[in-house]
Amino acid sequence: MILDNFKLDGKVAVVTGAGRGLGQGAAWGFAEAGADVALVDIVSTDDTAARVRALGRRAAQVHADLMDRAAIQPVVEQVVRELGGIDILLNNAGIIRRAPFLEFAEKDWDEVIQLNESTVFFLSQAIARQMVAQGRGGKIVNIASMLSFQGGIRVPSYTASKSAVMGLTRLMANELAPHHINVNAVAPGYMATDNTAPLRADPARNAEILGRLPAGRWGLPEDLQGALVFLASRASDYVTGHTLAVDGGWLCR
Ligand code: NAD
């Protein structure tokens, strides 16, 4: 039956940046769909884990600074040790730095590129190797952005990194298809999380954004859950290399 194809029973999902915001909502969505979840973050994942366990699923809490390339392989090893394998990866952890292009600092370039782009590459590579060794396929979902499609203002490293995420999604889809690993991305629109708190706190920017947004409201972490579960499940087995906007209509305006 079609709804059974959306179930994630018996699957293990790795979610980066699962302590709060969109990653926390994603972890809960995957657990509600039946998956055990590995929660990777530099901050506490206790709240996220408590709800995953209350849903009757296993949660592995993996404390790691994903800015550090040396942390990546130990993350994979801990998840495999605690949960037995990996079927789904959600590359969600990300940061943003805002400053005018002419004044943008080197550190704000390097750190954003490191986490949002390089970590997506190296963690996907490490987990795809694990999936290939397991021999049962897998699903990789990357979190892109409106700035994978648009230029934006005052966020050069973020725009560069999220544009790279969309390209990398396509490359990985091509190379991993023979291994039955699907690679897609979700591009959230303007979502109410810590990442966008400065925009919502600025009355002029807030009014500007809401005035252009067909849905007329900021998105919430739960608004992403349907798309994420779809792309993590058998229901999307013939979808790969795609970036799906979940944006309240922002891009069609
Ligand atoms: P958030 O700041 O609320 O959450 C980000 C999470 O990533 C946090 O739990 C944080 O601790 C974790 N993280 C940050 N640095 C880390 C590191 N070095 N190692 C491990 N974990 C780290 O942000 P969010 O809005 O939930 O963003 C999640 C993703 O969605 C990001 O990739 C972001 O760029 C993207 N996104 C957000 C929006 C939005 O409107 N909020 C829109 C488009 C895309």
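1. Contact here means heavy atoms within 4.5 Å. With neighbours within four places in sequence set aside, Val 79 is in contact with Val 12, Val 14, Ala 38, Val 62, Gly 84, Gly 85 and Ile 86. The model is a predicted one, in which local features need pLDDT of at least 70 and side-chain atom pairs count only at pLDDT 80 or more, while totals for chains, interfaces and linings use all residues. Residues are numbered from 1 along each chain as its sequence is written, and side-chain values use heavy atoms, with hydrogens and water left out.

2. A nonpolar core is a set of buried (under 20% relative accessible area, 1.4 Å probe, protein chains only) Ala, Val, Leu, Ile, Met, Phe, Trp, Tyr and Cys residues joined through side-chain atoms within 4.5 Å. The largest such core has 41 residues, of which Val 14, Val 79, Ile 127 and Ile 140 touch the most other members. Among the elements that each supply at least two residues of this core are strand 1 (12–16), strand 2 (36–41), helix 3 (72–83) and strand 6 (181–188), and helix 4 gives the most, with seven residues. Apart from this core lies another, of 30 residues, among them Leu 8, Val 52, Ala 232 and Val 246.

3. Helix 4 (residues 106–134) also deserves attention at the largest cavity, where this helix gives the most to the lining, with four residues. A cavity is a set of points, on a 1 Å grid over the protein atoms alone, where a 1.4 Å probe fits but cannot get out, and lining residues have an atom within 4 Å of a point. The structure holds one cavity of 30 Å³ or more, and about 40 Å³ of space lies in the largest cavity. The lining residues include Thr 16, Asn 91, Leu 115 and Leu 123, and by class the lining divides into five nonpolar, four polar and no charged residues.

4. A pocket is an open set with protein on both sides within 12 Å along at least five of seven lines. The largest pocket has a volume of about 1100 Å³, and of the 43 residues that line this pocket, Gly 94, Ile 95, Ile 96, Tyr 158 and Asn 195 are the closest to its centre. Helix 1 (21–32) gives the most to the lining of the largest pocket, with three residues.

5. The second largest pocket has a volume of about 190 Å³. Of its 15 lining residues, Lys 11, Gly 138, Lys 139, Arg 234 and Asp 237 lie nearest its centre, and the lining has three nonpolar, five polar and seven charged residues.

Definitions and conventions. Grid points are joined across faces, edges and corners, and a volume is the space filled by probe spheres set on the points. Ala, Val, Leu, Ile, Met, Phe, Trp, Tyr, Cys and Pro count as nonpolar, Asp, Glu, Lys and Arg as charged, and the others, Gly among them, as polar. Buried means under 20% relative accessible area, exposed over 50%, partly exposed in between (1.4 Å probe, protein chains only).
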